[in-house]
Amino acid sequence: DEFHGAFHFIYQYILVSSVRDEKRHTSLLHDLHAIQKRLPPGTQDFIFLSNHDAFAGDRVATQLRNHMPKMKNVASLYLLLSGNPTIYYGEEIGMQGGGSDHELRKPFQWDEAERQLKDPNSLLNHYTRLLRLRNHYDPLRGGETIFVRTHSEGSWDDYYSSSKTLSIIRI
């Protein structure tokens, strides 16, 4: 009765590597379901891409080499999956950093946020649109993620496939 939330430290690597390597990690959805099924009733689960501790890895923009399409893809992936997304400050504007706790905890770049607010195609505005979408639809706020088989590269993929395609339904 004291366990109310769980951060998925291992899952962050699966999310980022799937986008970085442009290939769905074979356990992307299996691991998410396995984690969520083991949680005690009433427990919230939290998924994230990076945090303030060096042991958890570099900031997302650093891991993805500031590649904007990949940063938007990984944001879309984890903000639209089941679980509660936790955004580490600066992730939404593509702050870089890594290698040490000090590098991961640099001050927020307010000037960059102001610049991105004016650009409709910015990473910040992409996050804003995704969060509005998530907040508008009940299945995106608290529903389940269901894998949909897709046909690509000449065959049908499955739950454990390392396909370049990912199709899900949220209910």
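How many cavities of 30 Å³ or more does a search of the whole structure find?

Analyst: The model is predicted, so local features need pLDDT of at least 70 and side-chain atom pairs count only at pLDDT 80 or more, while totals for chains, interfaces and linings use all residues. Residues are numbered from 1 along each chain as its sequence is written, and side-chain values use heavy atoms, with hydrogens and water left out.

The search of the whole structure finds one cavity of 30 Å³ or more. A cavity here is a set of points, on a 1 Å grid over the protein atoms alone, where a 1.4 Å probe fits but cannot get out; a pocket is an open set with protein on both sides within 12 Å along at least five of seven lines; and lining residues have an atom within 4 Å of a point. Grid points are joined across faces, edges and corners, and a volume is the space filled by probe spheres set on the points.

The volume of the largest cavity is about 30 Å³. Its lining consists of Val60, Ala61, Met71, Val74, Glu91, Gly94, Leu123 and Tyr127. H3, H4 and helix H7 (123-136) are the elements that give two or more residues to this lining. Helices (H or I, at least four residues) and strands (E, at least two) are DSSP runs, numbered from the N terminus. By class, the cavity lining has six nonpolar, one polar and one charged residues. In this scheme Ala, Val, Leu, Ile, Met, Phe, Trp, Tyr, Cys and Pro count as nonpolar, Asp, Glu, Lys and Arg as charged, and the others, Gly among them, as polar.

Asn66 belongs in this account through its contacts. Asn66 lies in the loop between helix H3 (60-63) and H4. Not counting residues up to four places away in sequence, Asn66 touches Ala61, Met71, Gly94 and Gln96, where contact means heavy atoms within 4.5 Å. Of these, Ala61, Met71 and Gly94 also line the cavity. With Gln96, the side chain of Asn66 makes a side-chain polar contact (3.4 Å). A polar contact is a pair of N or O atoms within 3.5 Å; within protein, one must be able to donate a hydrogen and the other to accept it, and residues adjacent in sequence count only if both atoms are side-chain atoms. Asn66 counts as partly exposed because its relative accessible area is 43%, between the limits for buried (under 20%) and exposed (over 50%), with a 1.4 Å probe and protein chains only.

Helix H4 (68-80) also takes part in an open space. The largest pocket has a volume of about 320 Å³. Of its 17 lining residues, the closest to the centre are Ser18, Val19, Leu77, Lys164 and Leu166. Helix H1 (11-20) and H4 each supply at least two lining residues, and H4 gives the largest share, five residues. By class, this lining has seven nonpolar, five polar and five charged residues.

The second largest pocket has a volume of about 260 Å³. It is lined by 13 residues, and the closest to its centre are Gln36, Ser82, Gly143, Glu144 and Thr145. Helix H2 (28-37) and helix H8 (138-142) each supply at least two of the lining residues, and H2 gives the most, with three. This lining has no nonpolar, eight polar and five charged residues.
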